[in-house]
Amino acid sequence: MNDVASLAGVSRGSVSNYINGKKTKAETQAKIKEAIATLDYVPNAMARALKMSKSNFVVFIIPTVNSPFFSELSYYMQQELQRHAYKMILCNSNNSSEEEIEYIQMANAQKVAGLITMSYANVANLVDTNIPLVSIEKRVSQNVPLIISDNYMGGRLAGETLTKLGAKRLLFVSKKPVKNISAVREKGFLDYCQENHIFVDVFLARKKINFIGDFKRFVKDNYIDHQFPYDGIFSDSDEYASDFYNILIQAGIQVPNQVQIIGFDGSRVYARQRITLSSIKQSTAHIAKYAVEKLLLQIESKSKRNFLGEATVIPVSFEKGITTK
């Protein structure tokens, strides 16, 4: 900063004011900006945070980036934080509670502005009480705001949509164990079918690396004389629905003429991507918007007392692809 001030011919205080966004004269701003470009000066964000006792970094922890849903959510989260002048540190926990705990401890040590997590660990006691926290999808504590899609209504919507499109024998497919939000989606689907007297069955692949083999065996064992006993399938994720779709096609079963399929998530790898799988769509843009909103409320209020047990439920919608009529 001394070098910038000397080259620009201004005081060090003027440079400090400019870097920290305080009001300075237009002529002074121009001189400082030119000096910064000439010297290739980059402010030390961590040092500024320590001096001002204020950080503009927010840690966002997700289970994996290897998924259209999580990559899309990460994009919108970054955009939403940037809109409020915060920088996002993206952490991939690899579905490991141990890795997530390490990221949380890092957040504590670095005194970040806040933490947003899709948690698989019991993090409530690991987060410094001074660090604002928001959870997505799974509640980590009664003291932490929760942002969650309406998973139960999503399951019901899948059952309702398949029925309206003419399906009469429905099947829920997934992988063991079905728990947390997956169990809620399954319950919504089964409840709708049972309440409306619609035939419904459940098939769950075993918990193993090559679980796709169970899907293949199920289709092979049930596809007899060119007939498959189910004409409507719902899964708790696009991943499993897509796996099942490909297996049906390979077996010679026509989708959607013989069997219709609906997944859950409805995210794209890129904006122009053509939707193949019909799906119950989660609004990643709204999840990010409300997560950042709840985080900023905590940052600004310096207190979590107003957020006890609070949950924001985001509506879902049906997005048609080529796997339904």
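Here is a short tour of this predicted model, stop by stop.

Before you click, residues count from 1 along each chain as its sequence is written. Local features need pLDDT of at least 70, side-chain atom pairs count only at pLDDT 80 or more, totals for chains, interfaces and linings use all residues, and side-chain values use heavy atoms, leaving out hydrogens and water.

**The sheet.** Select the strands of the open six-stranded sheet, in the order β2-β1-β3-β4-β5-β11, with parallel pairing. Strands are DSSP runs of E, at least two residues, and helices are runs of H or I, at least four, numbered from the N terminus; two strands pair if DSSP finds at least two bridges between them. At the edges sit β2 (87-92) and β11 (311-314), each pairing on one side only. From one strand to the next, the twist averages 20°.

**Helix α6.** Now pick residues 97-110: this helix packs on the sheet and touches β1 (57-62), β2 and β3 (114-117), with its direction at about 175° to that of β1. Contact means heavy atoms within 4.5 Å. Axes are lines fitted to C-alpha atoms, for helices over the stretch in contact, and angles run from 0 to 180 degrees between N-to-C directions.

**Helix α11.** Jump to residues 284-301, which lie across β1, β3, β4, β5 and β11 and run at about 160° to β4.

**Inside the sheet.** Zoom in on β4 (133-136) and β5 (146-149), joined by two bridges. Here I136 has I147 as its bridge partner.

**S14.** Finally, find S14 in helix α2 (residues 12-19). Which residues does S14 contact, leaving aside neighbours within four places in sequence? They are T24, T28 and I32.
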